[in-house]
Amino acid sequence: MKNKGLNKVDLIFEKVDLKQVLTKAFKMSNDEIIQQVLESGLKGRGGAGFPTGLKWKYTAAEKEPEKYIVCNADEGEPGTFKDREILDRVSYKVYGGMAIASKAIGAKHGIVYLRGEYRFLLPQLMKELESFHKTIDEIGYNFRIRYCLGSGAYICGEESALFESIQGDRGEPRNKPPYPTTSGVFYKPTSINNVETLVTVMMIIKHGAEAYNQLGTKDSRGSKVFSVSGDTPTPGIFELELGMSVLQFVNEFGDGDTKAVQVGGASGFCVPRKKFTDTIIGFEGVPTGGSMKLFNSSRSMYNVLHNYLDFFAEESCGQCTPCRVGCQQLLKGVEKVKKGEAKSTYLNELVKLADTMKIASKCGLGQSVGNAFRTIVENFREEIIY
Amino acid sequence: MKKRKTMVNLNINDQFVSVPAGTTVLAAAQKLKINIPTLCNHPDLCVAGTCRVCVVEQRGARTLIASCATPVSEGMDIHTNTLKVRNARKHIVELLLTEHRSDCTKCYKNQKCELQALANEFAFGDTIFLDLVEDHSYSIDRSSPSFIKDDSKCIHCQRCVRTCAELQYISAIAVANKGAHQKISSFHDRPMSHVVCTNCGQCVNRCPTGALVEKTYIDQVWDAIYDPDKHVVVQTAPAVRVALGEDLGYDPGERVTGKMITALKQVGFDSVLDTDFSADLTIMEEGTELLTRLKKVLVEGDKKTRIPMFTSCSPGWIKFIEHKYPEYLPNLSTCKSPQQMFGALAKTYFAAKRKLDPSKIVSVSVMPCTAKKFEADRPEMRASGYKDIDFVLTTRELAVMIKQAGIDFRILKPSNYDSIMGDSTGAGVIFGATGGVMEAALRTAYEIVTGREVPFSNLNITPVRGMDGVKEASIKIEGCTEDWKFLEGVELKVAITHGLANANKMMRLVKQGKAPYHFVEVMACPGGCIGGGGQPIPTSMEIRENRMKAIYSEDEHMVLRKSHENPDVMTIYKEFLEKPNSHKSHELLHTHYIERDSY
């Protein structure tokens, strides 16, 4: 299979003149901004991959005068730490992206929902926010951003649970529809975008959709910041063009003994060595919010799976049956199989359960528990049983 | 938002249906008489979409959708019974069962449990998944005298949480923790007896399983009945007679008063008496109290006397105001509830008349209410020198006793209440519905003051009736008799509210000085006592409306329809109490309230 190979890119952390980019953006009409973002093919960088331009288009179409742009900085997926780095190094670009979004959708208020564990960043972020507010005041654009801190629940990264949390309620996902573009935070039309998405928008406006389009593949345009961890000699943050195979990734970051890569964190997919060549990292293959965890042959995939299931059994909000009980069943089930207290064929029942969770859970959390479960059990069945 | 009646067209199981926009898929399916199982859904509550039992397949969608929580959209192609749906549904019910301590054969809710019914439909046979009950440290909270909260049977549907928040505006119970540790808990996980819970039992009435049930006193009552030394007196509340039938094979709204009396006699109660009697007595006491208050305020300009005066018959409401608005306790009528008036008289007046030793009397009441169990336990309720009411049974518990006694309720011949405190009027009966106390009070007070009947056709004061959350009415008082001249021309303003969320709205108005009323009736439960927490399960607006119709029909069928015409009431004033609000009345029939924590 021909693909683009592994190319390092420097867009996200590239220094830009905030005032210049914003001035350029504000000269465009709302529709022009949305059109640019649509043409860039940008999909949400948080993991779900919803087309950003479409999200903005829907929010812009709402008649309600009060709208919000929310930045999802509740980076909670195990193995991702790119948003922290982005906020630490180029928060002004995040604010800039929010301002552009606010123009596109017609919002006057922006909220950054910051992961509770990133509280230590706040003093610096606030300082930079102040200077950002000054800049937009100079441009003469009426827009304000405020911060809201999470309290440590993974589920609050789910958009509607995040809204509940901002509102001061228990962070539990809502029923959809209505979607956030119609009824988001404070039940007002809201566009909620990931930290990296917003920065990417800045760069699309700066360089134009066409230039951005050159990067990546048909289904996965552009570049993306990866959080590389696990058994790798070079852990850290890397911005790479989308469209490489897992093999190319492993050749760059692996330690020579990589047996599996968990793409997309606990809610993502496990790619075993035999599938490295044929698996593209991106929406045509395995999508990721950035988490790339490498495992070498010293690792027990049972332990990896157990760790993920333990995490989900703890971090499910607990409101819907498939997720609350399903996570506990998967966890207890693999424990029993491992100990020999349940037949190995019980794993088949558990895979069916994981499938039910995928189609019957209320939100993305419960729906994605099955990803890791299925891919690990299918590819490393013997490690789970023996 | 403009009101639009856009119709949406869709197919469910290849049948076409057109419904107004905003309708849920579930409701659209119901219109086609297609049954979709539900669990967390309840007609009185907001949509939760948490149990996922009602999932259906929407062709073209990535996942199944919760039909209770998904509004219809144009061109939907819904299938409710595909293999995918069946498998998911079976899994979901199986999962719920693994978290639920299934001691079904011993459970109070056996055969009345919605989870059990679903299991019977979808999950019979071998269990697929592992038992999780053993992994959790569940607690069973028996601290409330009214109900038991057994977390081991909780299926996390959150009906109780929504009931407490939406209908009652209390949130004594809420969701705590997450994931495997998620549970329905109280403030700081305190026992239910030590939080703002009003014991209204609305959650008990809506719990699909045995996680929330009333505390039963059935065995204690049987013990008393079979004790040859004891004289067991039973009183039945107005709302019981229009709902008891539901637990014994009748449709909602069937009046079973006569059969109920016969059944109580067959069960073995020594005296079968009527709470309606003390409801009428309450009107005499409370009406007089109101007129006295009005005189103090309007004529004497007494600053210490407070209006509006609030009714005090509903123990859930009493505990609510004690917790939430203690500064308004002086506005509460000092009258005890009819149950407690009855209790105080049973071991004094009744005992003397029947030449019984009050220490040998066991006083039982059958109530549509769980809060009454708490009320009977209040330390203030020992005016007779004994515990005025020994045991309170709910309507549901009485149905259980009738079944235990092997009585075929349907073939029973009706009979009448025993004498002495057994007479009642239509005014006493309508206490069971929201607005009833007000209507009964107006029928009597207006006549006392003017010497004429209330100026409403056939005594039916319709403005105070119905299911509106807050009802208002006013009557101009004209042509007063000599004693009540000070009320001449006064426009008596009253309001009625039911359900504590509505009561809370009323209290806010009162606080803001926007409630220009003289007299306000408050009932803790939606619809009043007919919708009480102790009434048969299930409940819905339709069921409550049917019970309400039955109550007013009961009233219409009575010869006497004004409290002051109740012969037993007239006798007791002549022989025992002298006159309303007398010293003796105050001793036995009036009480006081205490301030409680607001959390």
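Modeller: The model is predicted, so local features need pLDDT of at least 70 and side-chain atom pairs count only at pLDDT 80 or more, while totals for chains, interfaces and linings use all residues. Residues are numbered from 1 along each chain as its sequence is written, chains are lettered from A and ligands numbered from 1 in the order in which they are written.

Colleague: What makes α5 of chain A a helix, and how does its reach compare with the expected span?

Modeller: Helices are DSSP runs of H or I with at least four residues, strands are runs of E with at least two, and both are numbered from the N terminus. Helix α5(A) covers residues 122-139, 18 residues in total. The expected span is 1.5 Å times one less than the number of residues. After the helix comes A:Gly140, with a positive phi near 90 degrees.

Colleague: Why is A:Phe132 called buried?

Modeller: Buried takes 20 or more other C-beta atoms within 10 Å of the residue's own; exposed takes 12 or fewer, partly exposed is in between, and the C-beta atoms are placed from the backbone. A:Phe132 has 24 C-beta neighbours inside 10 Å, so it counts as buried. A:Phe132 sits in helix α5 of chain A.

Colleague: Which residues does A:Phe132 contact, leaving aside neighbours within four places in sequence?

Modeller: A:Tyr92 and A:Tyr95. Contact here means C-beta atoms, placed from the backbone, within 7 Å. A:Lys93 is 39 residues from A:Phe132 in sequence, and their C-alpha atoms are 9.5 Å apart.

Colleague: How do you know that the buried residues of α5(A) are on the same side?

Modeller: The buried residues are A:Leu125, A:Leu129, A:Phe132 and A:Ile136. They cover an arc of only 65 degrees around the axis, which puts them on the same side of α5(A). The arc is that of the directions from the helix axis to the C-beta atoms. The other side carries exposed residues, among them A:Lys127, A:Glu130 and A:Asp137. The buried residues pack against α1 (18-27), α4 and β3 (144-149) of chain A.

Colleague: And what makes the buried residues of α1(A) line one face?

Modeller: They are A:Leu18, A:Val21, A:Leu22 and A:Ala25. Seen down the axis, they fall within an arc of 95 degrees, so they line one face of α1(A). A:Gln20 and A:Lys27 are exposed on the face turned away. The buried residues of α1(A) pack against α2 (30-40), α4, α5 and α7 of chain A.

Colleague: Why is α1(A) called roughly perpendicular to α7(A)?

Modeller: Angles under 35 degrees count as roughly parallel, over 145 as roughly antiparallel, 65 to 115 as roughly perpendicular and the rest as oblique. Axes are lines fitted to C-alpha atoms, for helices over the stretch in contact, and angles run from 0 to 180 degrees between N-to-C directions. α1(A) and α7(A) (residues 195-207) pack at about 75 degrees, with axes 9 Å apart. That makes them roughly perpendicular. A:Val21, A:Lys24 and A:Ala25 in α1(A) meet A:Met202, A:Ile205 and A:Lys206 in α7(A).

Colleague: What makes α3(A) and α4(A) oblique instead?

Modeller: α3(A) (residues 52-61) and α4(A) (residues 82-105) pack at about 45 degrees, with axes 8 Å apart. They are therefore oblique to each other. A:Trp56, A:Thr59 and A:Ala60 in α3(A) meet A:Ala101, A:Ala104 and A:Ile105 in α4(A). Five of these are nonpolar, one is polar and none is charged. Ala, Val, Leu, Ile, Met, Phe, Trp, Tyr, Cys and Pro count as nonpolar, Asp, Glu, Lys and Arg as charged, and the others, Gly among them, as polar.

Colleague: In chain B, why is B:Ser171 called partly exposed, and why is B:Asn199 called buried?

Modeller: B:Ser171 has 17 other C-beta atoms within 10 Å, so it is partly exposed. B:Asn199 has 28, so it is buried. Neither is a glycine, yet phi is positive, about 55 degrees at B:Ser171 and about 65 degrees at B:Asn199.

Notes
Contact = placed C-beta atoms within 7 Å.
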